[in-house]
Amino acid sequence: MNKQTRLLIAGFLSSTFITGAAFAAGVHPTTGEALADDQTFTYRILDEHSSVDPQVVEDVSGAEIVRDLFEGLMNQDRDGNLVPGVATGFTTNDTKDVYTFTLRDTAKWSNGDPVIASDFVFAWKRAVDPELSSPYAWFVQLMSIENAGAIIAGETAVDELGVKAIDDHTLEVRLSAPLPYFAQMTTHATTFPAPQKVIEAHGDAWTKPENIVSNGAYVLTEHLPQERSVRERNTMYWDNENTIVDKVVALVINDENVALTRYLAGELDRTEVPAGQFPRLQKEHPVEAISFPRLCNYYYTFNLSEDGPEAFKDPRVRQALSLAVDRKIITEKILAGGQPEAYTFAPEATAGFTVPEVEMSAMTQAERDSLAKELLAEAGYGPDNPLTFNMIYNTSESHKKIAVALGQMWKQKLGVQTDLGNLEWKVFLETRGNQDFDLARGAWCGDYNEASTFLDLLQSDSGYNDGKFQNTRVDELLASAKIASDTTKIYTEVEQILAQESPIIPIYHYAGVYMMDSDVGNWPVDNVEQNWYSKNLYKIAE
């Protein structure tokens with residue numbers, strides 16, 4: 001007999017249900033707060049987003065837009081718990097290798113067409129189709145969907161993917177191995193439905209405002225590259241009557257200090273706090289300056305491909321550079337926003353993950369520096385043979401400050417010479433993805449709340465293993481974690497191997513450090529993934 005794990009929509013809506021009558025009265029029906037007449041939310045992003053195509057988008061700012069324009073099977077609430085999206089719930093079999101989702105019959109595309117199970121089948125097959133070359137194809141393989149890996153490798157036909165529309169409102173997914181957190185992964189943009197007729201009619205131009213058809217709470221009404229993106233209420237959305245925010249504007253502002261100035265002038269409702277300014281801003285604006293844990297890491301990755309620097313093929317060199325980084329200076333002096341130092345890849349905020357103690361974390365900085373000098377000398381580098389390399393990061397004042405600090409630490413402590421290079425976001429992604437670098441900045445925000453969302457990046461065949469690190473034992477451990485009832489020992493060993501091999505240099509784990517206007521209601525500060533949905537926000541009258 002199947003094990004019933006259906007999520008009931010009724011309980012969720014009972015706590016958040018909002019009526020049109022309450023809106024008309026100008027008050028929030030649950031909190032009683034007076035609502036602003038202008039329900040526009042405006043926020044700053046650092047770079048132009050990569051795409052608003054669910055199967056193509058690969059960055060955080062793009063995913064934020066896609067979550068408004070499209071809706072997947074499941075969403076998250078303000079605490080990060082699963083709640084119904086297009087699906088009202090799901091069931092699994094006893095072995096958790098078959099998931100069956102029931103789709104609501106009121107879901108519609110913005111053109112009025114019904115959203116049906118075959119829209120998800122089309123999207124998921126599209127994501128693994130080698131013809132699209134989705135940067136997130138590997139994510140579908142990570143979901144353990146039957147035949148995904150073979151399809152991506154070009155060994156099996158796309159139609160063999162283990163996903164099937166039983167009828168218009170029933171989607172069946174077959175997995176190659178049990179995956180207890182599979183449903184959590186359906187909140188990711190790659191798994192959102194795609195409008196087949198529109199894509200076939202317009203090709204790559206289907207995401208332009210004049211062509212796009214979406215099924216989320218908002219539609220794309222304007223996009224000026226490198227400047228602004230605007231989305232407005234989708235009147236066809238199944239829960240449109242319970243959405244308060246009418247318009248969402250994302251402004252591309254590359255300079256975080258300029259963004260802060262515009263925020264203080266009242267032009268923005270949210271912006272990131274520039275590095276080092278949180279203590280001052282918290283004193284001056286105690287209600288608006290906020291910091292909270294995020295499920296993200298900040299690191300540098302070594303190019304370990306065949307064409308990478310010969311010096312980096314020696315783990316002693318990599319470990320020496322990692323040891324010599326004084327993370328406390330970066331987190332407390334440069335950033336000063338509550339970010340914790342990182343000696344492991346997965347953050348402490350990860351659900352069910354206990355941060356293991358690695359040798360480096362138990363040492364004083366003086367002990368780390370001493371060992372770094374020894375290891376680099378053993379590897380043959382010193383005053384007579386200085387280590388030199390280039391390091392790249394995407395354009396940002398805080399990224400620049402960190403890169404400069406790293407270069408200075410290595411020069412002063414180890415005599416290392418670094419050549420810094422900053423690149424515009426899309427150029428940076430391409431350069432790093434093509435292994436055209438020595439050392440490159442990296443950052444990752446969890447696609448779901450489980451340690452594998454970080455550790456799987458260092459699997460040999462991961463699509464985002466830009467440093468091309470390969471370790472057979474790590475691959476074996478990560479594969480075994482997929483079916484393990486207790487992953488603690490597995491993930492501990494993986495982190496210990498990473499600390500010893502040092503394919504990456506963990507710097508810090510993120511905090512959400514924002515200036516947030518006090519008139520923004522219901523921002524999900526307790527959702528460490530920061531999967532926020534504009535339909536759950538509201539603007540309070542000032």
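A crossing is called right-handed if the near helix is turned clockwise from the far one by less than a right angle, and left-handed if anticlockwise. In this predicted model, the crossing of α12 and α14 is right-handed, whereas that of α11 and α13 is left-handed, as is the crossing in which α17 passes α18. The structure also holds four cavities of 30 Å³ or more.

**Helices α12 and α14**

- Helix α12 spans residues 327-335 and helix α14 spans residues 397-414; the two pack at an angle of about 135°, with their axes 11 Å apart.
- Angles over 145 degrees count as roughly antiparallel; α12 and α14 are therefore oblique to each other.
- On the α12 side, the contact is formed by Ile 329, Ile 330, Ile 334 and Leu 335.
- These residues meet Lys 401, Ile 402, Ala 405, Leu 406 and Met 409 of α14.
- Sorted by class, the contact of α12 with α14 comprises eight nonpolar residues, one charged residue and no polar residues.

**Helices α11 and α13**

- The axes of helix α11 (residues 315-323) and helix α13 (residues 365-378) come within 8 Å and cross at roughly 155°.
- This angle makes α11 roughly antiparallel to α13.
- From α11, the residues in contact are Arg 316, Val 317, Gln 319, Ala 320 and Leu 323.
- From α13, they are Gln 365, Arg 368, Asp 369, Leu 371, Ala 372, Leu 375, Leu 376 and Glu 378.
- The contact of α11 with α13 contains seven nonpolar, two polar and four charged residues.

**Helices α17 and α18**

- Helix α17 (residues 472-481) packs with α18 at an angle of about 155°, and their axes lie 9 Å apart.
- That makes α17 roughly antiparallel to α18.
- Arg 473, Val 474, Leu 477, Leu 478, Ser 480 and Ala 481 are the contact residues of α17.
- Their counterparts in α18 are Ile 490, Tyr 491, Glu 493, Val 494 and Ile 497.
- Eight nonpolar, one polar and two charged residues make up the contact of α17 with α18.

**The second largest cavity**

- Helix α18 gives the most to the lining of the second largest cavity, with three residues.
- By class, the lining of the second largest cavity divides into seven nonpolar, three polar and two charged residues.

Notes:
Residues are numbered from 1 along each chain as its sequence is written. This is a predicted model: local features need pLDDT of at least 70, side-chain atom pairs count only at pLDDT 80 or more; totals for chains, interfaces and linings use all residues. Side-chain values use heavy atoms; hydrogens and water are left out. Axes are lines fitted to C-alpha atoms, for helices over the stretch in contact, and angles run from 0 to 180 degrees between N-to-C directions. Helices (H or I, at least four residues) and strands (E, at least two) are DSSP runs, numbered from the N terminus. Angles under 35 degrees count as roughly parallel, over 145 as roughly antiparallel, 65 to 115 as roughly perpendicular and the rest as oblique. Contact means heavy atoms within 4.5 Å. Ala, Val, Leu, Ile, Met, Phe, Trp, Tyr, Cys and Pro count as nonpolar, Asp, Glu, Lys and Arg as charged, and the others, Gly among them, as polar. On a 1 Å grid over the protein atoms alone, a cavity is a set of points where a 1.4 Å probe fits but cannot get out, and a pocket is an open set with protein on both sides within 12 Å along at least five of seven lines; lining residues have an atom within 4 Å of a point. Grid points are joined across faces, edges and corners, and a volume is the space filled by probe spheres set on the points.
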